[in-house]
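Here is a short briefing on one protein chain. Have the sequence and the structure open as you read.

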Amino acid sequence: MGRLFTIVNASLIVFLGSSSGSKLKGPELSIKGAQHVIQAGQILNLTCRGEMVHSWSLPEAPSQESKRLTVIKYACGRNGKQFCSSLTLSRAQANDTGYYSCKYASSSAVKKKTESTVYIFINDTGSPFIELHSNIPKIIHMTDGGEMIIPCRVTAPDVAVTLKKIPPETLIPDGKTIIWDSTKGFIIPKATYRFIGLMSCEATIDGHKYSTKYLTHRQTNTIFDVRLNTPNLVKLLKGDTLAVNCTVAAAWNTRVQMTWSYPGEANHRASIINRIGQRTTDANIFYSILVVDKVRDIDKGQYTCHVKSGPSVKSVNTRVHVYAKTFITLKHRRKSVLEAVAGRKSYRLSMKVKAFPSPEVVWLKDGLPAAEKCARYVVKDYSLIIRDVAEEDAGNYTITLSIQQWNLYKNLTVTLIVNVKPQIYEKAVSSFPDPNLYLLGSKQVLTCTDSLFTFCSNTEGPFILKSGSSRGNRIQSIAQHMAMIEGKNKTASILAVAEAKSSGIYSCVASNKVGNVERNISFYVTDVPNGFHINLEKMPIEGENLILSCSVNKFLYKDIAWILPRTVNNQTKAKRHIIKEYSTTLILTIKNVSLEHSGTYACTARNIYSGEEVLQKKDVTIRALTLELVLLPLESVF
């Protein structure tokens, strides 16, 4: 980096030349062009002429050694109205290489060019590099994607320099990713991880190899994570020691600054120790440990760990509460009697608890440890969680809290009622898909087993039945009694029908606060035994008529048909349907039967509910016609 050198020595000298009286566009140097080369040990002479007072900017080395450097200021030009200065550098050295600039002192006064610069190479065949770092490489900082310069400047513009990365890898300038500039070194416009490591600039002069080394360092500000070793709220007893550890994980090349803010900061109540831990495979670990001995009330409040790395800032905090003494307070959160519904996925029993220090927690169910009693019971903090709530979970639950060190004990009981959705036992165990048939005029008893029931009939629309009701079928009685079903007391409701004469559906409904359940009982009255029957009036004799009737309950069957023996060919047959209130009958008549009409006659019908075809058979044997011989007295013949 150049250093500004101001001319203070002055004398009057006339500047001779054709342009001595011309108007200058800006300060002019006696050496034209952008670069100039002189040999080491020679004298460098530079003259600057301008319209205003000017100053020199030189490389660092000659600026510091005033014994080799002389600058003289004088008036020049026509009538001495221009300003000139001459710079003389004796015994020029390689490290004098650099930019030499002459510029006006006040740039605001001139709108034209205000500075002239030339780059002077001091050629030293024994030292091609201006800076030589052989044993200890110079650190070069880089950022991803930013420009980075390896500053291996040379003493002559024609020195051939090679850039190598150690371990050996030659990096060849291509004018884009790597650019060589003899006045700057190797320019890398967009540095990547490829250029991280030890770099070497090498040149060979007269068979002798020279090298200067640089170590690139990628400094990042990536903070991965900041955390404390304490919970969000730290509870301490007066006189205890507070220790909070702040841990930071950061990228390898990241360095962090860790500070604390806390209630007793003004009084320096805490001692803080910062240290770096052993790094992991992908991060550096930093620690800051804050310790407060014998905490008091003034130490309660928020403790914050602040972490900074360049522009990256993160923080994490915790609160500290200081108690004067130990205690336990225990109250019901809602009520002392709670209700849950069987089948619920989970139910939480919890209490309002304030305690310090944290007490030991045990939940009891009906006096026994709940967690041992059932695997579905889980204790979490001050709550008991019941998973897959069942009827047997009803009972008394007691929470016991104890701090044995301080001889503190508290307990509280809550009662849990488990409501179960009603279930009608007969509905659950029934395996009969078809409606039930009840013989016309018979007495019947219908039963539903659970809790509360309402019986309805749909003969004239649904309505609530009562004992003695004559709508539909006459109800003889409706009674309830307790029954032991599968080891549990159940309520059975019994409906007695005095006389079956009206078909319909009886519905019994069981209900409680959880819900309702309904069982529909199909009550179909039939005048046909078992709902399907074949009747033969009499076994006929040859020449008589065969009459068969097939009767089915019309609520259960349809599509009645006869299947005749093969022997019955084109014999005249007659079929007649008779539809009654409860049944349908198909009558088959075959006139003037013969012995060939003997055989098995079948009647088929289709079940309305199952869709299956049902068949019944009847064996018929036609009796032969016999002649009766009548014997008369002999005398009556003659």
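How many salt bridges does the structure hold? The count is 12. Keep in mind that this is a predicted model. The points below take up salt bridges, the nonpolar core and a charged surface patch.

**Salt bridge between E202 and K164**
- The side chains of E202 and K164 form a salt bridge, at 3.5 Å from N to O.
- This pair links distant parts of the chain, as its residues lie 38 apart.
- E202 sits in strand β17 (residues 197-205), and K164 sits in strand β13 (residues 162-166).
- E202 has a relative accessible area of 16%, so it counts as buried, the cut-off being under 20%.
- K164 is partly exposed, with a relative accessible area of 27%.

**Other salt bridges**
- D225 and R227 meet through their side chains in a salt bridge of 2.6 Å, N to O.
- D225 is partly exposed, because its relative accessibility is 27%.
- E613 pairs with R606 in a salt bridge, and their closest N and O atoms are 3.8 Å apart.
- E613 is exposed, at 56% relative accessible area.
- R606 counts as partly exposed, at 30% relative accessibility.
- Shared partners also join salt bridges into one network, made up of K164, E202 and K209.

**Nonpolar core**
- In soluble globular proteins, nonpolar side chains tend to be buried together.
- In this model, the largest nonpolar core has 25 residues.
- L242, C246 and V248 have the most contacts inside this core.
- Strands that each supply at least two residues of the core are β19 (223-228), β20 (233-237), β21 (242-250), β22 (257-261), β24 (284-292), β25 (301-309) and β26 (312-323).
- Strand β21 gives the largest share of this core, with five residues.

**Positive surface patch**
- Which residues form the positive surface patch? They are K331, R333, R334, K335, R344, K352 and K354.
- K354 belongs to strand β29 (residues 346-356).
- Is K354 buried or exposed? K354 is exposed, because its relative accessible area is 59% and the cut-off for exposed is over 50%.

How values were computed
Residues are numbered from 1 along each chain as its sequence is written. This is a predicted model: local features need pLDDT of at least 70, side-chain atom pairs count only at pLDDT 80 or more; totals for chains, interfaces and linings use all residues. Side-chain values use heavy atoms; hydrogens and water are left out. Patches are made of residues with over 30% relative accessible area and no salt bridge: like charges are joined within 9 Å, nonpolar side chains (Val, Leu, Ile, Met, Phe, Trp, Tyr) within 5 Å. Accessible areas come from the Shrake-Rupley method with a 1.4 Å probe; for residues, only the protein chains shown count as cover. A salt bridge is a side-chain nitrogen of Lys or Arg within 4 Å of a carboxyl oxygen of Asp or Glu. Lys and Arg count as positive and Asp and Glu as negative; His and the chain ends are not counted. The place of a charge is taken as NZ of Lys, CZ of Arg, CG of Asp or CD of Glu. Helices (H or I, at least four residues) and strands (E, at least two) are DSSP runs, numbered from the N terminus. Buried means under 20% relative accessible area, exposed over 50%, partly exposed in between (1.4 Å probe, protein chains only). A nonpolar core is a set of buried Ala, Val, Leu, Ile, Met, Phe, Trp, Tyr and Cys residues joined through side-chain atoms within 4.5 Å.
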